[in-house]
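Please look over the sequence and the 3D view before reading on.

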Amino acid sequence: QVQLVESGGGSVPAGGSLRLTCTASGYINSNLFMGWFRQAPGKEREGVASVLPASGTIWYPNSVNGRFTLDMDKAKNTLYLQIHSLKPEDTAIYYCAANGRDALEPGHYTYWGPGTQVSVSS
């Protein structure tokens, strides 16, 4: 069983930065994706960054425009998401997920954390 716990969310003004942390416990299959997703009120969950631990290859959707950076500490089973130049439209619950069979497709992930709220004020 895999358990994921996110932290680091909060309320920040537009233009600010945040670093989210995801701590994983249990067996993480390094040949399956780990990723960060977000879900804003009334919107579908979307992928914002993912990594294949075995290779270290990272994927981002075009929509993040270079403002998001995923980092991973394999020794600590920890995933990070650095977000720069935050915008009000980045307001969402941010989730960490593991054992994904598609880099940025939430429906293909098995394990999820409870999420951490990010709120950006204008």
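The model is predicted. Its largest nonpolar core has 27 residues, and an open sheet of 4 strands is also present.

**The open sheet**

- Strands of a sheet pair through backbone hydrogen bonds, in either a parallel or an antiparallel way.
- In this open sheet the strand order is β1-β3-β8-β7, and the pairing is antiparallel.
- β1 (3–7) and β7 are the edge strands, since each of them pairs on one side only.
- From one strand to the next, the twist averages 15°.
- The antiparallel pairing of β7 with β8 runs over 6 bridges.
- Asp71 has Tyr80, in β8, as its bridge partner.

**The nonpolar cores**

- Within the largest core of 27 residues, those with the most contacts inside it are Leu4, Met34, Trp36, Leu79, Leu81 and Tyr94.
- Several strands give two or more residues to this core, including β3 (18–25), β4 (33–39), β8 (78–83) and β9 (92–100).
- Others that do so are β5 (46–52), β7 (68–73) and β11 (116–121).
- Another core, of 6 residues, lies apart from the largest one, and Phe37, Leu52, Ala97 and Ala103 are among its residues.
- Leaving out residues up to four places away in sequence, Tyr94 touches Glu6, Leu20, Phe37, Arg38, Phe68, Leu81, Ile83, Gly115, Thr116 and Val118.

**Aromatic rings and a charge**

- The whole structure holds 5 aromatic pairs.
- One aromatic cluster is formed by Phe37, Tyr95, Tyr109 and Trp112.
- Arg45 lies over the face of Tyr95, at 3.8 Å from the ring centre.
- Arg45 also lies over the face of Trp112, at 4.7 Å from the ring centre.

**Two positive phi angles**

- Ser85 is not a glycine, yet its phi is positive, at about 50°.
- Ser85 belongs to the loop between β8 and β9.
- Is Ser85 buried, partly exposed or exposed? Ser85 counts as partly exposed because its relative accessibility is 40%.
- Asn99, also a residue other than glycine, has a positive phi near 60°.
- Asn99 is placed in strand β9.
- Asn99 counts as buried because its relative accessibility is 12%, and the cut-off for buried is under 20%.

How values were computed: Residues are numbered from 1 along each chain as its sequence is written. This is a predicted model: local features need pLDDT of at least 70, side-chain atom pairs count only at pLDDT 80 or more; totals for chains, interfaces and linings use all residues. Side-chain values use heavy atoms; hydrogens and water are left out. A nonpolar core is a set of buried Ala, Val, Leu, Ile, Met, Phe, Trp, Tyr and Cys residues joined through side-chain atoms within 4.5 Å. Buried means under 20% relative accessible area, exposed over 50%, partly exposed in between (1.4 Å probe, protein chains only). Contact means heavy atoms within 4.5 Å. Rings of Phe, Tyr and Trp (its six-membered ring) pair if their centres lie within 6.5 Å; planes under 30 degrees apart count as stacked, over 60 as edge-to-face and the rest as tilted. A charge sits over a ring if NZ of Lys or CZ of Arg is within 6 Å of the ring centre and within 35 degrees of the ring normal. Two strands pair if DSSP finds at least two bridges between them. Axes are lines fitted to C-alpha atoms, for helices over the stretch in contact, and angles run from 0 to 180 degrees between N-to-C directions.
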